[in-house]
Amino acid sequence: MAMHRIAIGTPGEAGQPDAIRAAFAEFFCMIIFVFAGEGSGMAYSKLTNNGPATPAGLIAASLSHAFGLFVAVSVGANISGGHVNPAVTFGAFIGGNITLLRSILYWIAQLFGSVVACILLKHATGGMETSGFSLSPGVSVWNALVFEIVMTFGLVYTVYATAVDPKKGNAGVVAPIAIGFIVGANILVGGAFDGASMNPAVSFGPAVVTWSWTHHWVYWVGPFIGAAIAAIIYDNIFIGDDGHEPLSSSDF
C-alpha cells in the first residue's frame with residue numbers, strides 16, 4: 001500500500017487568496033487556543049502564588065486546552081480546516097491532504113500566532129512569565145518522546161477519523177469536540193510528566209518569549225513522528241485507494 005499523492009504544490013500557491021486566508025485563519029485560531037491554554041496556567045500560578053502543581057491544576061489545564069481547542073478548530077474549520085497545530089498539518093501533508101507549500105504557510109502562521117498570544121499574555125498579566133514546557137524530575141527525554149509520539153498519534157488519528165476521512169458522515173459534526181477532548185484527556189495523562197504538548201507551536205511560543213530551549217526538540221520530533229504514524233496508518237488502512245478524494249487547493 002502506497003501513500004497518496006504527497007504534493008509539493010506550485011510556487012504561485014502561496015500567493016493565492018484562499019491560501020492567504022487559510023494562513024490568517026490558522027494565525028487567529030492559534031492565538032485563541034494558546035491564550036486560553038497558556039493563560040490558564042498563568043492564572044493558576046497567580047491564584048496559588050506560584051505554588052506547586054496539584055491535581056486540580058492539571059484538571060484546569062486539561063479543561064482550558066480542551067475548551068480552547070474545541071472553539072479554535074470550530075472557527076477555523078471552514079477556512080483552513082482548523083489544524084491549529086503544526087503536527088496536524090504535517091499529518092495532513094503525509095496523507096496527501098495538503099501541499100507542502102501550503103503546509104509551510106500554515107506552520108509560519110501557527111508559530112507566529114503562538115508567539116503573539118504569549119506576548120499578549122505577558123503584557124496583559126503585568127509581566128508574568130509564560131511557563132514553557134519542561135520535563136518533570138525523573139522523566140528522561142526518551143520518556144517524554146514516547147509520551148509525545150503516542151499522545152499526538154491519538155490526536156491526529158482522531159483528526160483523520162472525524163475530519164479527513166471522506167466516509168466520516170455525521171462524525172464530521174463532532175470533529176472539533178472530539179479533537180478538543182483527546183487533547184484534554186492526554187493532558188491528564190502526560191501533563192504531570194512533560195506538560196503534554198502534542199503541538200510544536202504551543203511549545204514554541206513560550207520558548208521564544210522566555211528564550212528557554214531546553215529539550216525543546218522533543219516537542220517537535222515527538223509530535224511529528226506521532227502525526228506521521230497516524231496519517232500513514234489511517235490513510236492506508238481505513239481510507240485506501242478507493243476512498244481518497246482528489247487534492248484541491250481548497251482542501252483541508
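The legends below describe close-up views of a predicted model. Residues are numbered from 1 along each chain as its sequence is written, and side-chain values use heavy atoms, without hydrogens or water. Local features need pLDDT of at least 70 and side-chain atom pairs count only at pLDDT 80 or more, while totals for chains, interfaces and linings use all residues.

**View 1. Helices α1 and α2 pack together.** Helices here are DSSP runs of H or I with at least four residues, and strands are runs of E with at least two, numbered from the N terminus. Two packed helices are described by the angle between their axes and the distance between the axes. Helix α1 covers residues 17-47, and its axis lies 8 Å from that of α2, at an angle of about 170 degrees. The axes are lines fitted to C-alpha atoms, for helices over the stretch in contact, and angles run from 0 to 180 degrees between N-to-C directions. The two helices α1 and α2 are therefore roughly antiparallel. Angles under 35 degrees count as roughly parallel, over 145 as roughly antiparallel, 65 to 115 as roughly perpendicular, and the rest as oblique. The crossing of α1 and α2 is right-handed. A crossing has this name if the near helix is turned clockwise from the far one by less than a right angle, and is left-handed if anticlockwise.

**View 2. Helices α3 and α5 pack together.** Helix α3 spans residues 86-94 and helix α5 spans residues 141-164. Their axes are 10 Å apart and meet at an angle of about 55 degrees. That angle makes α3 oblique to α5. The crossing of α3 past α5 is right-handed.

View 3. Helix α2 gives the most, with 3 residues. F181 lies in helix α6 and is exposed, with a relative accessible area of 51%. Exposed means over 50% relative accessible area, buried under 20%, and partly exposed in between (1.4 Å probe, protein chains only).

**View 4. Salt bridges join charged side chains.** Side chains of opposite charge can pair when their charged atoms come close. A salt bridge is a side-chain nitrogen of Lys or Arg within 4 Å of a carboxyl oxygen of Asp or Glu. The whole structure has 2 salt bridges. One of them pairs D18 with R102, with the closest N and O atoms 2.8 Å apart. D18 lies in helix α1 and R102 in helix α4 (residues 100-124), so this pair ties together parts that are 84 residues apart in sequence. R102 is buried, at 3% relative accessibility. K167 forms a salt bridge with D165, and here the closest N and O atoms are 3.3 Å apart. K167 is exposed, with a relative accessible area of 54%, whereas D165 is buried, with 5%.

**View 5. A196 and H215 have positive phi values.** Most residues other than glycine have a negative phi. A196 has a phi near 55 degrees. This residue, A196, sits in the loop between α6 and α7 (200-210). A196 is buried, with a relative accessible area of 3%. For H215, phi is about 60 degrees. H215 lies in the loop between α7 and α8 (218-243) and is partly exposed, with a relative accessible area of 32%.

**View 6. A185 in helix α6 is shown with L63.** The residues A185 and L63 are 122 residues apart along the chain, and their C-alpha atoms are separated by 8.9 Å. A185 is partly exposed, with a relative accessible area of 36%.
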